[in-house]
Structures are given as C-alpha cells and as structure tokens.
Amino acid sequence: MGRLLSLIVIAGLAYGGLYIYYGIVVERAIEQQLEARGLTALEVERVDYGPLAPLTTDTRLSTDVRYRGAEASLDIRVIGHPVFSDEVRLELDGLQALRLSIGTGN
C-alpha cells in the first residue's frame, strides 16, 4: 500500500511539473508567433488551458493579450505538442472579447 501511495504521489508531482512547463512553453510559442508577425507591442498576460492539455496534441486554449489600453481574449488552437515536438502550429480560432480603456489613466 505504501508503494502504491508513493507511486501516485510521484506521478502527481511529475504531471504537475509537466502541466506548469506546458503553460510556459505555450506562452513562449505565442509570443514568438506574435513577434514573427511584427506584433511585438502585444503582451501576453495569461494563458488558460484545460487539465488534460499536456496529454494531447490538439488543444484549444484561451489567452489574454494587451496593447496599451486595449485587452483582448483570443481562442487559440495548438496542433502538435509544444513540449515534446518541434512541429507545432498555432491557429487563431476566434476573438472572445475586446476591451478598450478610453480616457486618462492616472
């Protein structure tokens, strides 16, 4: 019983590490794609993905980007695995929301 519990804890820690690293790699890939298209002024603020995203090669995720006073939430499809594969394709699925701040910011 002790070995099974140890195995479960080790597997949970390994998956937790993979889950966090997946988010870092996906965010870096999105930033690289934006930079390659000349959109270096856009800042990636947050990337949201499901709990099983690191286990699949076709994932849909949501990301928030900011440009000065404007924020947008984008749906992005990741084809390939950004951690284990060199061939990864990012596709813009749609725009969820666009928020504009108008006025002076102090």
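Which residues lie nearest the centre of the largest pocket?

1. Basis. This is a predicted model, in which local features need pLDDT of at least 70, side-chain atom pairs count only at pLDDT 80 or more, and totals for chains, interfaces and linings use all residues. Residues are numbered from 1 along each chain as its sequence is written, and side-chain values use heavy atoms, with hydrogens and water left out.

2. Largest pocket. Gln-33, Leu-34, Arg-37, Ile-76 and Leu-92 lie nearest the centre, out of 13 lining residues. A pocket here is an open set of points on a 1 Å grid over the protein atoms alone, where a 1.4 Å probe fits, with protein on both sides within 12 Å along at least five of seven lines; lining residues have an atom within 4 Å of a point. The volume is about 280 Å³, taken as the space filled by probe spheres set on the points, which are joined across faces, edges and corners.

3. Its lining. At least two lining residues come from each of α1, β3 and β4. Helices (H or I, at least four residues) and strands (E, at least two) are DSSP runs, numbered from the N terminus. By class, the lining has ten nonpolar residues, one polar and two charged. Ala, Val, Leu, Ile, Met, Phe, Trp, Tyr, Cys and Pro count as nonpolar, Asp, Glu, Lys and Arg as charged, and the others, Gly among them, as polar.

4. Second largest pocket. This one holds about 190 Å³ of space. Its lining includes Val-25, Arg-28, Pro-82, Asp-86 and Leu-90. Two or more lining residues come from α1 and from β4, and α1 gives the most, with five. The division is five nonpolar, three polar and four charged.

5. Helix α1. The helix covers residues 2-36, and its end C-alpha atoms are 51 Å apart, which agrees with the 51 Å that 35 residues should span at 1.5 Å a residue; the expected span is 1.5 Å times one less than the number of residues. After α1 comes Gly-38, with a positive phi near 80°.

6. Ser-62. This residue is in strand β2, residues 58-67. Ser-62 counts as buried because its relative accessibility is 13%. Leaving aside residues up to four places away in sequence, Ser-62 touches Arg-46, Val-47, Asp-48, Leu-74, Asp-75 and Gln-96, where contact means heavy atoms within 4.5 Å.

How values were computed
Buried < 20%, exposed > 50% of the residue type's maximum accessible area, 1.4 Å probe, protein only.
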